[in-house]
Amino acid sequence: MIEAHGVPFMPGADALIERLYAEGYPLALVSADDEENVLADFQRSAKPELLQCFSVIITAGNVAKTKPDAEPYLRAAAYLGVDTARMLAVEDSAVGVQAALAAGCPTLLFAADAAPPAATAQADG
């Protein structure tokens with residue numbers, strides 16, 4: 001099925017990437033996975049060309065500590081030349097939310113089957 005149809009994006013994720021990119025927002029892909037797996041997942045996806053929308057890809061191999069540590073988001077912000085307080089993190093896991101908030105990023109949890117830990121659900125309002 002994956003070979004025939006590709007790895008599906010979370011509903012709406014591909015449209016969000018396309019829209020933000022089209023509007024000129026710099027995008028970073030921050031993953032706790034290995035780069036090889038991230039690239040393979042995009043190649044098997046229905047829209048492999050979306051990988052080109054990202055100015056930087058931060059994976060487990062680029063950092064000493066991965067999510068829930070703040071380092072991956074801090075590295076992405078440094079590469080993009082932005083303050084983390086002005087960088088919106090769109091996450092699909094509670095661990096990712098913890099990392100983004102630890103880095104000082106406003107964060108949106110974009111997942112149907114995950115909820116942030118109670119301690120982070122209302123962090124900073």
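Is Cys53 buried or exposed? I looked up its relative accessibility, which is 8%, so Cys53 counts as buried. I note at the outset that the model is predicted.

I next turned to Cys105, whose relative accessible area of 2% makes it buried. I then searched the whole structure for disulfides and found zero. For reference, a disulfide is a covalent bond joining the sulfur atoms of two cysteines.

**Helix α2.** I asked which residues of helix α2, spanning residues 13-22, are buried. They are Ala13, Asp14 and Ile17. I viewed the helix down its axis: the buried residues of α2 fall within an arc of 105 degrees, so they line one face of the helix. I recalled that an α-helix has 3.6 residues a turn, so residues three or four places apart point the same way. I then examined the other side of α2, where Arg19 and Ala22 are exposed. Just after α2, I recorded a positive phi of about 90 degrees at Gly24.

**Ser31.** Where does Ser31 lie? I located Ser31 in the loop between β1 (28-30) and α3 (35-43). Its relative accessible area is 16%; the cut-off for buried is under 20%, so Ser31 is buried. I traced the side chain of Ser31 to the backbone nitrogen of Asp33, which it reaches at 3.0 Å. Setting aside neighbours within four places in sequence, I listed the residues in contact with Ser31: Val38, Ile58, Thr59, Ala60, Thr66 and Lys67.

Technical notes:
Residues numbered from 1 in each chain as written. Predicted model: local features only at pLDDT ≥ 70, side-chain atom pairs only at ≥ 80, totals over all residues. Heavy atoms only, no water. Buried < 20%, exposed > 50% of the residue type's maximum accessible area, 1.4 Å probe, protein only. Helix = DSSP H or I, 4+ residues; strand = E, 2+ residues; numbered from the N terminus. Arc of directions from axis to C-beta. Polar contact = N/O pair within 3.5 Å; in protein donor to acceptor, adjacent residues only side chain to side chain. Contact = heavy atoms within 4.5 Å. Disulfide = S-S within 2.5 Å.
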